[in-house]
Amino acid sequence: MQAFRVHKGLVAPMDRENVDTDAIIPKQYLKSIKRTGFGPNLFDEWRYLDVGEPGQDPATRKPNPDFVLNQPRYQGASILIARQNFGCGSSREHAPWALEQYGFRAIIAPSFADIFFNNCFKNGLLPIVLSESQVDQLFNEVYAFVGYELTVDLERQVVVKPDGAELAFDVQPFRKYCLLNGFDDIGLTLRQADKIKAYEAQRLATKPWLNHRIV
């Protein structure tokens, strides 16, 4: 998992409440057993005018020119601002996969659905909760200024605006530790690889029959 420390990026606005995970990545794309390739289908039903299918070349699709992420001023955005209850609906982990693989590193909203919020941290995506008034102000500024960027400093737990103003946010210490170091659940376990190998060797030495396999 990619570590998150300080990130500066272009901001895109998702000005809708209750954006659910089926809107983030529609159900037909959940058929894939891979953890890659979901970025082109992020917000698929809003992003394209035609119906997409897994494995379809995005170049053959018809983009919706009115959708925010298709607008030239937001190309390359890596920070998403959203409204309340972002990521509601089913618990599909494909939703943060799609957001991260599109290029987003952080999402700022007044509130998130709990399971989506947890899944973001497990996949290197930082969800930031700010007050509704703070988010409203960010929307106003993004709309007013083309090329609007924010800096997210996880270590200091602040969002820094272009004028230098800082918006503080909370993050649970263990989640912060994992993001700063790029540890997902597997990465956390592999830190103990030497102890695991030593335990397995000791176990087989005392219980050698465990090494036998039924053919």
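## Strand 3 and its neighbours

Ile 81 has Ile 108 as its bridge partner in strand 3. This contact belongs to a predicted model, and it is one part of the pairing between strand 2, residues 79–82, and strand 3, which lie parallel and share three bridges. On the way from strand 2 to strand 3 there is a helix to consider: strand 2, helix 3 (residues 94–102) and strand 3 together form a β-α-β unit that is right-handed.

Strand 3 also pairs with strand 4, residues 126–129; the two run parallel and are joined by four bridges. Within strand 4, Val 129 stands opposite Ala 109. A right-handed β-α-β unit is found here as well, made of strand 3, helix 4 (residues 114–122) and strand 4.

## The chain as a whole

The chain has 215 residues, of which 45% are buried. Its secondary structure consists of eight helices and seven strands. Taken along the principal axes, the box filled by the C-alpha atoms is roughly 70 × 40 × 25 Å.

## Two residues and their distances

Gln 134 belongs to helix 5, which covers residues 132–144. Along the sequence, Gln 134 is 25 residues from Ala 109, and the C-alpha atoms of the two are 9.3 Å apart in space.

Pro 173 is in helix 6, residues 173–181. With a relative accessible area of 63%, Pro 173 is exposed, because that term applies over 50%. Pro 173 and Leu 80 are 93 residues apart along the chain, and 23 Å separates their C-alpha atoms.

## Cysteines

How many disulfides does the count give? The count is zero. A disulfide is a covalent bond between the sulfur atoms of two cysteines. For Cys 120, the closest cysteine sulfur is that of Cys 88, and because the distance is 13 Å, the two are too far apart for a bond. The cut-off used for such a pair is 2.5 Å. Cys 178 is likewise in no disulfide, since the nearest cysteine sulfur, in Cys 120, lies 14 Å away.

Cys 120 is buried, with a relative accessibility of 0%. Cys 178 is also buried, at 7% relative accessibility.

The volume of the largest pocket is about 170 Å³. Its lining includes Tyr 29, Ser 32, Thr 36, Gly 37, Phe 38, Pro 40 and Asn 41, together with Glu 53, Pro 54, Gly 55, Gln 56 and Pro 58. By residue type, this lining divides into five nonpolar, six polar and one charged.

One cavity of 30 Å³ or more is counted, and the volume of the largest cavity is about 30 Å³. Which residues line the largest cavity? They are Leu 10, Val 11, Arg 73, Tyr 74, Val 142, Phe 145, Val 146, Gly 147 and Tyr 148. Seven residues of this lining are nonpolar, one is polar and one is charged.

## Backbone angles in two loops

Most residues other than glycine have a negative phi. Asn 18 is not a glycine, yet its phi is positive, at about 55°. The residue sits in the loop that lies between strand 1 (6–14) and helix 1 (21–24). Asn 18 is partly exposed, with a relative accessibility of 42%.

Gln 157 likewise has a positive phi, about 60°, although it is not a glycine. The loop that holds Gln 157 lies between strand 5 (149–153) and strand 6 (158–160). Is Gln 157 buried or exposed? Gln 157 is buried, because its relative accessible area is 19% and the limit for a buried residue is under 20%.

Terms used. Residues are numbered from 1 along each chain as its sequence is written. This is a predicted model: local features need pLDDT of at least 70, side-chain atom pairs count only at pLDDT 80 or more; totals for chains, interfaces and linings use all residues. Side-chain values use heavy atoms; hydrogens and water are left out. Two strands pair if DSSP finds at least two bridges between them. A crossover is right-handed if, with the strands pointing away from the viewer, the path from the first strand over the helix to the second runs clockwise. On a 1 Å grid over the protein atoms alone, a cavity is a set of points where a 1.4 Å probe fits but cannot get out, and a pocket is an open set with protein on both sides within 12 Å along at least five of seven lines; lining residues have an atom within 4 Å of a point. Grid points are joined across faces, edges and corners, and a volume is the space filled by probe spheres set on the points. Ala, Val, Leu, Ile, Met, Phe, Trp, Tyr, Cys and Pro count as nonpolar, Asp, Glu, Lys and Arg as charged, and the others, Gly among them, as polar. Buried means under 20% relative accessible area, exposed over 50%, partly exposed in between (1.4 Å probe, protein chains only).
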